[in-house]
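Here's a quick tour of a protein model for anyone just getting started. Have the sequence and the 3D view open, and follow along stop by stop.

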Amino acid sequence: MSQLPLKKVLVVSWHFPPYKSSSAFNLFKRLKDTGYEYDVLQIKRADKPDNEGMFRYASSRFNRYEIEVPTEDARNPEARAHYVEKVLDFYRQLKEHNHYRVMISHSHEIASHLAAMAIKKANPELRWVASFGDPIAANPFNESYKFPMLEEDSRTETEVLQLADRIVVTNPYQQAIVTESQALPVDSNKFYVLPHCFDERMYPSQSELADDALRQTTEEKIFRFMHVGMLYKFKRTSEPFMRGAQRLLQKHPELKGRFTLEFYGANDRYIQAAADYGLEGIASFKGTVSYLESLSVMTQADCLLLRDADFSDQGLHDTPFYPGKLADYLGAKKPVLAVTMASGCVPDMLAQLGGASLTEDDIDGIADAMWAAMHGRLTVNSTEAERYSHHQTAERARQALSFPEDKKKILIAGHDLKFAKFIMEAIEARDDLELLVDQWQGHNKHDEEQSLRLLNQADTIFCEWGLGNAVWYSRHKKAGQKLITRVHAQELRTRHLDQCLHDNIDHYIFVSPYYFELMIAEFSLQREKCKMIFNMVDTELLDKPKLPGSEFHLGMIGDVPQSKRLDRALDIFEKLYEKDKRYKLFVKGKRPEDYPWMHSKAKADEMAYYQRQYQRIKDNSWQDNVVFEGFGPIDEWLQKIGWILSVSDHESFHLAVAEGMASGAIPVIYKWAGAETIYPLELIFGSLSSAANFVFNRLMWPSNAQKRELNRFRKVEKIKETFELL
């Protein structure tokens, strides 16, 4: 069974799962539950992709396209240029089959932004969301690490901030430091805070945790402090934790042997010197683990340690970083002890979440916090932590990738758009929608170049009639676009639906229950794609007072083609005229001779049929009582009509009946297939004589019944139902 179309988003990210990269993991987690479909352009790495299990937890679909680069060093000019070139090549190919309204790039590495910027310059209409994991020019780590190409990267950052449509940051402090670092002003409205998040499903289940807890009750309880993740040579070392644990034992020597200090993922010189701190057998490096394994490890801790760098010696007053590891810790639902700056993102979060936030020179404070943790005095506020769950972040991520000010483009395509009139008017009346029209010249005739141009703009394609237009668009529609086809009755005869690629049609709209079931069975359509929506009527426009004499006036809207059965209308009129010469029949619409195609040899018999009807009128001297009228306002014409005729061989809905009802005219329907599924049985007749008797005897239909039936066709409600599919 095919899925409904997903919003397609292009992701340009040098690093991306399943390859190991904490920054890429954080991007993935924020995107994975939007429900969108992502086409990812990433590099192919030599290391083992050991985190493929992450994709099991995504409701979004990720299609990864790997680009081989000369070197994985993203600060290598040749590698960057190669990546940008290949990203552009991939995009040109992908957009032939996919409809993108937005792309997102990630600053780790900044080559991602360079490639996205190249796409944006070539395709200005494509919205670009630039996600910054860390600041670049204002990154306080720059002073310690002397990153190569920093000046060039800073210039790139400036250009990205100016050209991107939206800038994603993880917290307000990051926004402030980025903005303040720029010589050119950055539009503050561009910034969007999208915090890191966790997904509780990625952690061991509660039953698994309960089993672990049960096993621990049989052993002497050892309190486990854990740090999981990277440590840096500068600014983010393990030293404060080592010194804090040393001070804890100095204050409380009885705690020796009752706690451990475990480090996963990083082993610096302070851990290696555990004996120098009196922590031999207490502090140790436990090795590296995959990302999902790291989450499992966290749940085994009693208190998790977070190391955030302190840049107060550089004149920085607030830490601008929201470590993705903190979000992972929150998912583990364990107390957090953080060494960070006195002010900034992490201290603010822990003030709300619980736990402890200390500066690196407050060794006594760290020791006291460790003691408090061991005695159950540090807790995590689970309600506050839920703010950083993937449940909360998914909606924020959808907003980050949406631009409400952009109009959704709806393309209406077909040869005869009269039934789509109200939908088109409603689209034009909406500030958030833009109407595109592909007017076909016939069932199969159109300007293909024009259709392709409109297709490339459209978000939703609405084919009015399931004819050649539905065939062409079903074969050309792109992933990320929605295709809706409204089917009437002639599709059963033309058989165009046999040629459609039905997997590419997202919804079929039928205007009557009878054809809903008939078409599903005839063309083996997927029922879940099919929707029954009656044709719509502007009841307010047509509700006008009747003119004198309307009770003697029969109305017929359209008598072409022959299947409309003008002869039957004349039969009913004749029976009434024989009894009362005040009866008249008004026929509204183009005459058959006005249609060029009716003059072909193939239509000779049909034209002869109309000539016979004209001769009948002449022979009976009905010229004053059978009146043919051309185009004109339908609301004014209906004011003189008391009875609206529907005598066709077949109809899918017959809008004239509903329009007549809206004007106060009473329908007279001659038993076409499916009429009883739309209109009341008391208005459907099995013989022309019974229909004429109904009119002659003035068996008026109750007005309250008429209003009740009209409610099913009211324009406002039908447009609402249709727009739910757009």
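What you're looking at is a predicted model, where local features need pLDDT of at least 70 and side-chain atom pairs count only at pLDDT 80 or more, while totals for chains, interfaces and linings use all residues. Residues are numbered from 1 along each chain as its sequence is written, and side-chain values use heavy atoms, with hydrogens and water left out.

One more thing before the stops: helices (H or I, at least four residues) and strands (E, at least two) are DSSP runs, numbered from the N terminus.

**Buried spots**

- Helix 1 covers residues 22–31, and nine of its 10 residues are buried, so it is largely enclosed by the rest of the structure.
- Among the buried residues of helix 1 are F25, L27 and F28, but also K29 and R30.
- F573 sits in helix 22 (residues 566–579), and it counts as buried because its relative accessibility is 0%.
- Setting aside neighbours within four places in sequence, F573 is in contact (heavy atoms within 4.5 Å) with L554, Y583, K584, L585, W622, N625 and V626.
- N171 is in the loop between strand 6 (166–169) and helix 6 (172–180), and it counts as buried because its relative accessibility is 3%.
- If you skip residues up to four places away in sequence, N171 touches V193, P320, F321, Y322 and C345.
- A polar atom of the N171 side chain also lies 2.9 Å from the backbone nitrogen of Y173.

- Helix 17 (residues 448–455) and helix 18 (residues 468–476) have axes that come within 12 Å and cross at roughly 55°. That angle makes helix 17 oblique to helix 18.
- For the angle names, under 35 degrees is roughly parallel, over 145 roughly antiparallel, 65 to 115 roughly perpendicular, and the rest oblique.
- The axes here are lines fitted to C-alpha atoms, for helices over the stretch in contact, and the angles run from 0 to 180 degrees between N-to-C directions.
- Which residues of helix 17 and helix 18 meet? From helix 17 they are E448, S451, L452 and L455, and from helix 18 they are W472, Y473 and H476.
- By class, that contact of helix 17 with helix 18 has four nonpolar, two polar and one charged residues.
- As for the classes, Ala, Val, Leu, Ile, Met, Phe, Trp, Tyr, Cys and Pro count as nonpolar, Asp, Glu, Lys and Arg as charged, and the others, Gly among them, as polar.

- H108 and E109 are joined by a cis peptide bond, with omega about 5°. E109 is in the loop between strand 4 (100–106) and helix 3 (111–122).
- The peptide bond from V560 to P561 is cis too, with omega near 10°.
- P561 lies in the loop between strand 20 (553–557) and helix 22, and R565 lies in the loop between strand 20 and helix 22.
- R565 isn't a glycine, yet it has a positive phi of about 60°.
- S621 isn't a glycine either, and its phi is positive at about 55°.
- You'll find S621 in the loop between helix 23 (604–619) and strand 22 (626–629).

Technical notes: Buried < 20%, exposed > 50% of the residue type's maximum accessible area, 1.4 Å probe, protein only. Polar contact = N/O pair within 3.5 Å; in protein donor to acceptor, adjacent residues only side chain to side chain.
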